Amino acid sequence: MKAMTLVGKKVPLELQQRVDLTPDPGQVIVKLNAAALNRRDYWITVGLYPGIKPPVVLGSDGAGIVSSCGDGVDGVWEGQEVILNPGIGWGEDPAVQSDQFHILGLPEDGTFASEVAVSVEQLHRKPDCLTWEQSAAIPLAGTTAYRALFSQGNVKSGEKILVTGIGGGVATFALQFATAIGAEVWVSSSSVAKIDRAISLGAKGGFDYREEGWEKRFAATVGSPDLIIDSAGGPGYAALMGLAAPGGRIINYGATAGAPESIDMFKLFWKQLRLQGSTMGSPDDFSNMVDLVEKCQIEPVIDAVYTLEDVNQAIDQMRSSPQFGKYVLEIS
Ligand SMILES: NC(=O)c1ccc[n+]([C@@H]2O[C@H](COP(=O)([O-])OP(=O)(O)OC[C@H]3O[C@@H](n4cnc5c(N)ncnc54)[C@H](OP(=O)(O)O)[C@@H]3O)[C@@H](O)[C@H]2O)c1
């Protein structure tokens, strides 16, 4: 097998030839046809992620065909086309993951490889309506968007919502999912071209979050969003608290721009805001997300497809976030 392996901190991933994998009891081996990148992979390669222990094969998203089953695994899985749930060990509580929870692709070897060993519990039938590349694009980002919007954000048809930083992989799924259930979706971005792409996917419009006072123009022309889905945090978080409708919810699944400079406690209690964190998703979030994708025929937004061997180019691109949607790897 071949694998793009993290061999040290802040160095490009290295192409390694390894012995073919064999499954432990309860595991299967999946021959991968496609994988996808997440900002997590970028954070790891630049040393900004906890628990980095090279050597490890990165990659949390993958789609492929089960090639062998370990002891205790029902043989019907052999030959099945599957996608992988990258969340491992969520536990019993739908409200929060267990302390055993971790993500495929650190510490366990992940999907930037021609094959991967996973527990049979991580398998999910590949949606018929999606190509291999589209299938690989959905697991981590789709689950994160689903949980933030539905399980935490309780989004309803007709609500006004804002998805910030719409170029992001999770953000584009949030836009597509919320539009699919009839919410009125607005976006923010650093790029007019990305706002236009978002409008072509069903957004009502968007604002450039780098412009001073954008949130005041938003409130004056659009009104206040009931729900904000944000992964940036940072200095711009204060604007989101000002913009949210009274009784509104702000759901954060990331902090790309770092910590907010301050939290306005007066706004928090007077507007009765709910600030809610969200991480990945439970097994139910994962399968509900796949059901939604199939039911609403959602086509994942793929910015570019690279070969497995060119994964370092895709990771380099993520430095300045020019993408709209996902970077995917095709694996031959
Ligand atoms: N908690 C979890 O389970 C979980 C899961 C997935 C991701 N995350 C985190 O969520 C973040 C996004 O992940 P991703 O994979 O979707 O990343 P991504 O595809 O690399 O997208 C990053 C996007 O962030 C936006 N952005 C950057 N600075 C911003 C700012 N100051 N204000 C608003 N938007 C800003 C940009 O949008 P524009 O290009 O439109 O400006 C950029 O395209 C990362 O920090 C990631 O680590 C967390």
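Guide: Start with S14 and S15, which pair in the parallel sense over four bridges. Keep in mind that this is a predicted model.

Visitor: Which residue is the bridge partner of Asp-230 in S15?
Guide: Asn-252 is the bridge partner of Asp-230.

Visitor: What holds paired strands together in general?
Guide: Strands of a sheet pair through backbone hydrogen bonds, and the pairing is either parallel or antiparallel.

Visitor: Back to S15, residues 249-252: are its faces covered or open?
Guide: Both faces are covered. Arg-249 and Ile-251 are buried on one side of S15, and Ile-250 and Asn-252 are buried on the other.

Visitor: And S14, which runs parallel to S11: how many bridges join those two?
Guide: Three bridges join S11 (residues 160-163) to S14 (residues 227-230). Val-163 stands opposite Ile-229 of S14.

Visitor: What is the order of strands in the whole sheet?
Guide: The order is S13-S12-S11-S14-S15-S16, an open sheet of six strands with parallel pairing. S13 (205-208) and S16 (274-277) are the edge strands, each pairing on one side only. From one strand to the next, the twist averages 20°.

Visitor: New topic. What does the domain assignment give for the chain?
Guide: The assignment gives domain 1 (2-138 + 300-330) and domain 2 (143-277). Their C-alpha centres lie 28 Å apart.

Visitor: How many residues are in contact between them?
Guide: Eight residues of domain 1 are in contact with six residues of domain 2. On the domain 1 side, the touching residues are two nonpolar, five polar and one charged.

Visitor: Where does the ligand shell lie relative to the two domains?
Guide: The shell lies between domain 1 and domain 2, because both give residues to it.

Visitor: Which residues come nearest to the ligand?
Guide: There are 31 residues around the ligand, and Gly-165, Gly-167, Gly-168, Ala-232 and Gly-254 come nearest.

Visitor: What about helices, which ones supply at least two residues of that shell?
Guide: Helix H1 (39-45), helix H3 (139-152) and helix H4 (169-180) each do.

Visitor: And by class, what is in the shell?
Guide: The shell around the ligand has eleven nonpolar, 17 polar and three charged residues.

Visitor: Let's pick out Trp-90. Where is it?
Guide: Trp-90 lies in the loop between strand S7 (87-88) and strand S8 (102-103).

Visitor: Is Trp-90 buried or exposed?
Guide: Trp-90 is buried, because 22 other C-beta atoms lie within 10 Å, and the cut-off for buried is 20 or more.

Visitor: What is Trp-90 in contact with, leaving aside neighbours within four places in sequence?
Guide: Its contacts are then Gln-97, Ser-98, Phe-101, Ser-282 and Pro-283. Trp-90 and Gly-281 are 191 residues apart along the chain, yet 8.1 Å separates their C-alpha atoms.

Visitor: Last one, Thr-279. Which loop is that in?
Guide: Thr-279 is in the loop between S16 and helix H9 (283-295).

Visitor: Why does Thr-279 count as partly exposed?
Guide: Thr-279 has 17 other C-beta atoms within 10 Å, so it is partly exposed. That class falls between 12 or fewer for exposed and 20 or more for buried.

Visitor: And which residues is Thr-279 in contact with, beyond neighbours within four places in sequence?
Guide: Thr-279 is in contact with Gln-97 and Tyr-253. Gln-97 is in contact with Trp-90 too. As for Gly-168, it is 111 residues from Thr-279 in sequence and 16 Å away in space, C-alpha to C-alpha.

Conventions: Residues numbered from 1 in each chain as written. Predicted model: local features only at pLDDT ≥ 70, side-chain atom pairs only at ≥ 80, totals over all residues. Pairing = 2+ DSSP bridges. Axes fitted to C-alpha atoms, helices over the stretch in contact; angles between N-to-C directions. Contact = placed C-beta atoms within 7 Å. Near = placed C-beta within 6 Å. Nonpolar A, V, L, I, M, F, W, Y, C, P; charged D, E, K, R; others polar. Domains from an automatic or database assignment.
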